[in-house]
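Welcome! Please take a moment with the sequence and the 3D view below, and then we can walk through the structure together.

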Amino acid sequence: MKGALFFEDGTIFEGRLIGDITRGVAGEVVFNTAMTGYQEILTDPSYFGQIVVLTYPLIGNYGTFADAAESLFPWAEAVVIKHDAPIPSHFGGAESFDAYLKRYHKCGLADVDTRALTLYIRQRGTQHAVLGPIEMTQEQREALFAGIDLSQSVYQVTTPQAYSLGHDGDGLHVVVIDYGAKNSIMAQLVKRNMRVSVLPCTITPEELAHYAPDGVVLSNGPGDPSDFTDLLPTVRYAIDHYPTLGICLGHQLIGLAEGAPTYPLKFGHHGANHPLLDHVTGKVLITSQNHGYAVDPAPLLDRYHIRLTNLHDQTVEGFQHKEKPVLTVQHHPEAGPGPWDSHYLFDEFLDTVIQRKGLTNA
């Protein structure tokens, strides 16, 4: 069935509909340059409300697997690709990409010139678009455009109730505040023998104190960070009382809580090959990224060091408090998908938690 991606300025990219083709959808259009990990990308809650263009030309070649998911189901609104592989070339019970989209009632557009589409986004910046059958009327498209609203996105992807993972007993206890957390974040913490409590984004400072954590992780998530200022009292409480690691949206919320504004990037950072400089170690890291906003660090520099810098555009990718045990990263150190270059940042967080717990108990 023939379909198209309709942009607000009248630009149209035609293709073939795949997945659930019973309805049209609308969202922000972003491109991701990762060469593998299409399932991890689509199941990342940070892609809520977005139509993801995958620049790697062949998608679905190794199928889909339950173990590869970063959450219970795909959060991306839709996906746009060049070619899809109808039969996965992988051993085991791999499900085809088209069948996977159908199972979760997600639609896609294949046979698209994704190189031209990516250049269009790079030149014009992040755009809204409608994806659906080629014969959609103007009225149908306008109705879908009118429904785009990401201002409540974090509240829509957060866990509805608290749950626990990892080790029981007297081990280190870390709280993850879930703004749209990926499974790989919790997996990295559990791998380091931490007991993890995952809490909804609406947790209050009083509720956080009740959990008495040894450390706090503020997770990734979707949307414009400035839409979620009501979450900042808990962010401030966390950084004032516990070793805290902010990841992606968590990094941005710490910036806002400390008086640093955020601003939109022209077309965001989405991929698994973005180089960063760690100013402490002197190493260049190749990292996984998925964000459309950045933090202006100027108001923070009396209290924070810039820890990480993006080598493509010099945006701040992380900062570290000069006195408090607070570290932030704009990228995804857990990868999923992506290289493992920055896994050591979880080790740093663990060491900080251990050190602070030892000082508290001394």
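Ile 286 sits in strand 16, which covers residues 284–295. Together with Val 284 and Leu 311, Ile 286 makes a nonpolar surface patch of about 220 Å². Please keep in mind as you look around that this is a predicted model.

In soluble globular proteins, nonpolar side chains tend to be buried together. Here, the largest nonpolar core has 29 residues, and the members that touch the most others are Tyr 179, Leu 253 and Ile 254. Two or more residues come from each of strand 11 (173–178), strand 13 (215–218), helix 8 (232–241), helix 9 (249–257) and strand 18 (316–321). Helix 9 gives the largest share, five residues. There is also a second, separate core of 24 residues, with Leu 172, Val 176, Val 329 and Phe 349 among them.

How many of the nine residues of helix 9 are buried? The count is nine of nine, so helix 9 is largely enclosed by the rest of the structure. Its buried residues include Leu 249, His 251, Gln 252 and Ala 257. Just after helix 9 comes Gly 259, which takes a positive phi of about 95 degrees.

Glu 258 also lies beyond this helix, in the loop between helix 9 and strand 15 (262–278). Its side chain meets that of Arg 303 in a salt bridge, at 3.3 Å from N to O. Arg 303 belongs to the loop between strand 16 and strand 17 (304–310), so this pair links distant parts of the chain, 45 residues apart. Glu 258 counts as buried at 16% relative accessibility, whereas Arg 303 is partly exposed at 24%.

## Strand 1 and its two partners

Strand 1 (residues 2–7) is mostly covered, with five of its six residues buried. On one hand, strand 1 pairs with strand 2 (residues 12–19) in the antiparallel sense over five bridges, and Gly 3 stands opposite Gly 15. These two strands form a hairpin with four residues between them, and Gly 10 in the turn has a positive phi of about 95 degrees. On the other hand, strand 1 pairs with strand 9 (residues 127–133), again antiparallel and over five bridges. In this second pairing, Leu 5 stands opposite Leu 131.

Glu 14 forms one with Lys 2, their closest N and O atoms being 3.0 Å apart. Glu 14 lies in strand 2 and Lys 2 in strand 1, so the pair ties together parts that are 12 residues apart in sequence. Glu 14 is partly exposed at 43%, and Lys 2 counts as partly exposed at 46%.

## Salt bridges across the chain

How many salt bridges does a search of the whole structure find? The search finds 14. In one of these, the side chains of Arg 124 and Asp 9 meet at 3.8 Å, N to O. Arg 124 lies in helix 3 (residues 114–124) and Asp 9 in the loop between strand 1 and strand 2, so the pair ties together parts that are 115 residues apart in sequence. Both count as partly exposed, Arg 124 at 43% and Asp 9 at 44%.

Is Gln 39 buried or exposed? Gln 39 is buried, with a relative accessible area of 4%. Its place is in helix 1 (residues 38–42), and the residues it touches include Thr 64, Phe 65 and Tyr 100.

Gly 171 is found in the loop between strand 10 (163–166) and strand 11. At 30% relative accessibility, Gly 171 counts as partly exposed, and it touches Arg 195 and Asp 214, leaving aside residues up to four places away in sequence.

Methods
Residues numbered from 1 in each chain as written. Predicted model: local features only at pLDDT ≥ 70, side-chain atom pairs only at ≥ 80, totals over all residues. Heavy atoms only, no water. Core = buried A, V, L, I, M, F, W, Y, C linked by side-chain atoms within 4.5 Å. Buried < 20%, exposed > 50% of the residue type's maximum accessible area, 1.4 Å probe, protein only. Contact = heavy atoms within 4.5 Å. Patch = residues over 30% accessible without salt bridge, like charges linked within 9 Å, V, L, I, M, F, W, Y side chains within 5 Å. Areas by Shrake-Rupley, 256 points an atom, 1.4 Å probe, with all protein chains shown as cover. Salt bridge = Lys/Arg side-chain N within 4 Å of Asp/Glu carboxyl O. Pairing = 2+ DSSP bridges.
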